[in-house]
Amino acid sequence: MRKLIIFAFIGFLAQLIDGSLGMAYGVTSTSMLLTFGIAPAVASASVHLAEVVTTAASGVSHLKFGNVDRQALFKLIIPGSIGAFAGACFLSQLPGEVMKPYISMFLLILGVFVLFRFLGTKKTSEKKSINLSRKKSVLLGLVAGFADATGGGGWGPITTPVLLSQKGVPARKVVGTVDTSEFAIAVAASLGFLIALGWQDVNWFWVISLMAGGIVAAPIAAWIVTKLPSHLLGVLVGGFIVLTNARTLIAIWGVDEWAVAIYLLILLGWAGSLAVVIRNNKKW
């Protein structure tokens, strides 16, 4: 029972972050599930099954608050779904213990990417919509969808920064569009995992717990994205992901004697990054 409550809290926290940033549900949830010793494929499958419900709730909430660019949404769904399905089938055929350090390293790199992406972001004048060409949407969707399924997260951390890299793109619409499109990616990845793994390896109590927490957080996060700066939240989640996966890698590589120094270095870097982003964006 205690573990189910913890998983529900993980789902709540992950969806709160994801709905506010357009990223990090999968990365946050998978990172924390891996710390419980869950195999990467099973962890990623559980997260994506939970995301089918949480992203639906999040998408409805973002649509209600006007945070979605429908044109960009439809351009991302099909290539993203294909990439996610392929990634799920690929991951399911690999031994869990062999893949665990690589998945954790991938998630750690994504965490660093998220942190630095938002660290250097400043508020600028915004356009009314996201200008996304079909060619760019196909490439972005395939790569981000595949990374999302194989890493248990990656759709948001890849798609959101790429879209935000366009000058003047409305951050609120990017977050809402990416978060809403993730419903299709979660469905495609879940189908891939269920076909490759089967139903027997899925712990539905874990999945339902993650769902419950995510459903509660979805409308709150959609409201937050209209009120709070994404820069600060981006740095917070980036540092959190780095810290969580560093813990996993320390245990795998057996470098416990360096653990305190590594944690201290990460915390100092995280605190410094928060100070920088607050200084650079004083007038929110």
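Visitor: In which helix is Ser-61 found?

Guide: In this predicted model, Ser-61 is found in helix H3.

Visitor: Why is Ser-61 called buried?

Guide: The relative accessible area of Ser-61 is 9%. Buried means under 20%, so Ser-61, at 9%, is classed as buried.

Visitor: Which residues does Ser-61 touch, not counting residues up to four places away in sequence?

Guide: With those sequence neighbours left out, Ser-61 touches Ala-218, Pro-219 and Ala-222.

Visitor: How is the packing of helix H3 and helix H9 described?

Guide: Two packed helices are described by the angle between their axes and by the distance between the axes. For H3 (residues 40-64) and H9 (residues 204-224), the axes come within 8 Å and cross at roughly 30 degrees.

Visitor: What makes H3 and H9 roughly parallel?

Guide: Their axes cross at roughly 30 degrees. Angles under 35 degrees count as roughly parallel, and H3 and H9 are therefore roughly parallel to each other. The crossing of H3 past H9 is right-handed.

Visitor: Which residues touch the most other members of the largest nonpolar core?

Guide: This core has 42 residues, and those touching the most other members are Phe-7, Leu-33, Ile-38, Ile-130, Leu-163 and Leu-210. Helix H8 (residues 171-197) gives the most to the core, with 8 residues. A second, separate core holds 8 residues, among them Val-114, Leu-119, Val-235 and Val-277.

Visitor: Why is Asp-148 called buried?

Guide: Asp-148, found in helix H6 (residues 134-151), has a relative accessible area of 0%. The cut-off is under 20%, so the value of 0% places Asp-148 among the buried residues. The C-alpha atoms of Asp-148 and Ala-189 are separated by 8.4 Å, and these residues are 41 apart along the chain.

Visitor: How many helices and strands are there in the protein?

Guide: The protein has 11 helices and 0 strands. Of its 284 residues, 56% are buried. Among contacts between residues at least 6 apart in sequence, 86% join residues at least 24 apart.

Notes
Residues numbered from 1 in each chain as written. Predicted model: local features only at pLDDT ≥ 70, side-chain atom pairs only at ≥ 80, totals over all residues. Heavy atoms only, no water. Axes fitted to C-alpha atoms, helices over the stretch in contact; angles between N-to-C directions. Helix = DSSP H or I, 4+ residues; strand = E, 2+ residues; numbered from the N terminus. Parallel < 35°, antiparallel > 145°, perpendicular 65-115°, else oblique. Left-handed = near helix turned anticlockwise from the far one by under 90°. Core = buried A, V, L, I, M, F, W, Y, C linked by side-chain atoms within 4.5 Å. Buried < 20%, exposed > 50% of the residue type's maximum accessible area, 1.4 Å probe, protein only. Contact = heavy atoms within 4.5 Å.
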